[in-house]
Amino acid sequence: MLVFAKEKLVLLALPKTGTTAIEEALSARADMALRNPAILKHTPAYRYIRYLEPYLGKCGVSDLEVVCTVRHPIGWLGSWYRYRQRSAVDGKPQSTKGVSFDDFVNDYAKGDPTSWSHVGDPKKFVRDNEGELAVDHMFQYEQLDKLVDFLEERLDFKISLEKHNVSPVGDMTLSRQTENKLMRKRPELYSDWEAARRS
């Protein structure tokens with residue numbers, strides 16, 4: 001999570017949406033950068049509103065606009081699936097070795113995922129505790145150039161993104177039945193991604 005006091009911006013870092021590349025490009029320019037541990041780096045909107053926004057306000061930093069990137073559900077889940085196939089995860093409950101992508105998505109869609117498909121929920125990440133969208137500017141991962149243009153204009157700073165934390169290549173074969181189940185069970189994943197295109 002990055003905070004820019006003068007420009008009144010806070011960038012939330014939804015995992016698997018290019019946040020490490022953005023962090024590397026902008027953390028030196030930010031007034032506050034929460035990078036480690038991961039629970040701080042990936043502070044969701046509801047936790048920002050509850051804890052950090054009031055603290056920043058007490059410090060005279062108020063009226064910040066919240067920015068976040070979201071990713072197409074299949075691409076987002078595919079990145080998690082491939083990331084958890086790394087040898088560093090071998091033997092751990094989160095490993096997806098020996099699990100098909102179809103099984104991974106099917107398990108995630110059911111709403112009570114096992115340890116290897118428990119990867120969080122973008123719907124909750126971008127909402128407050130009442131379930132209302134709490135992001136002022138939402139961008140699609142697939143159109144990061146729009147985010148870069150927005151940030152360059154607001155920050156008056158040239159941004160060059162390099163790839164970081166890239167998931168390994170993996171088979172992402174997905175049945176139509178499983179994709180339909182994901183769309184039916186987790187519709188906000190799709191509606192939030194579509195909303196980002198229009199913001």
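## Terms and model

A polar contact is a pair of N or O atoms within 3.5 Å, where, within protein, one atom must be able to donate a hydrogen and the other to accept it, and where residues adjacent in sequence count only if both atoms are side-chain atoms. This is a predicted model, in which local features need pLDDT of at least 70 and side-chain atom pairs count only at pLDDT 80 or more, while totals for chains, interfaces and linings use all residues. Residues are numbered from 1 along each chain as its sequence is written, and side-chain values use heavy atoms, with hydrogens and water left out.

## Thr20 and helix H1

The side chain of Thr20 makes such a polar contact with the side chain of Lys41, at 2.9 Å. Thr20 belongs to helix H1, residues 19–26; helices (H or I, at least four residues) and strands (E, at least two) are DSSP runs, numbered from the N terminus. With a relative accessible area of 15%, Thr20 is buried, a word that stands for under 20% relative accessible area, whereas exposed stands for over 50% and partly exposed for what lies in between (1.4 Å probe, protein chains only).

Because seven of the eight residues of H1 are buried, this helix is largely enclosed by the rest of the structure. The buried residues of H1, including Ala21, Ile22 and Leu26, pack against S1, S2, helix H2 (38–41) and H7, where contact means heavy atoms within 4.5 Å.

Five strands form an open sheet with mixed pairing, in the order S3-S1-S2-S4-S5; two strands pair if DSSP finds at least two bridges between them. Strand S3 (32–33) and S5 are the edge strands, each pairing on one side only. S1 and S2 pair in the antiparallel sense over three bridges, and Leu2 has Leu11 in S2 as its bridge partner.

H1 lies across S1 and S2 and runs at about 40° to S1, whereas H7 lies across S1, S2, S4 and S5 and runs at about 140° to S5. For these angles, axes are lines fitted to C-alpha atoms, for helices over the stretch in contact, and the values run from 0 to 180 degrees between N-to-C directions. Among the buried residues of H7 are Leu144, Val148 and Phe150, and what covers the buried residues of H7 includes strand S1 (2–4), strand S2 (9–11), H1, S4 and S5.

## Nonpolar cores

A nonpolar core is a set of buried Ala, Val, Leu, Ile, Met, Phe, Trp, Tyr and Cys residues joined through side-chain atoms within 4.5 Å. The largest one has 36 residues, and those with the most contacts inside it are Val10, Leu12, Tyr48, Leu77, Phe104 and Leu182. Apart from it lies another core, of 17 residues, among them Leu2, Leu9, Ala25 and Leu144. Leaving aside neighbours within four places in sequence, Tyr48 is in contact with residues including Met1, Val10, Leu12 and Val66.

## Asp136

Asp136 is found in the loop between helix H6 (122–125) and strand S5 (137–140), and at 46% relative accessibility it counts as partly exposed. A polar atom of its side chain lies 2.7 Å from the backbone nitrogen of Val66. With neighbours within four places in sequence left aside, Asp136 is in contact with Leu64, Glu65 and Val66. Although Asp136 and Val10 are 126 residues apart in sequence, their C-alpha atoms are 10.0 Å apart in space.
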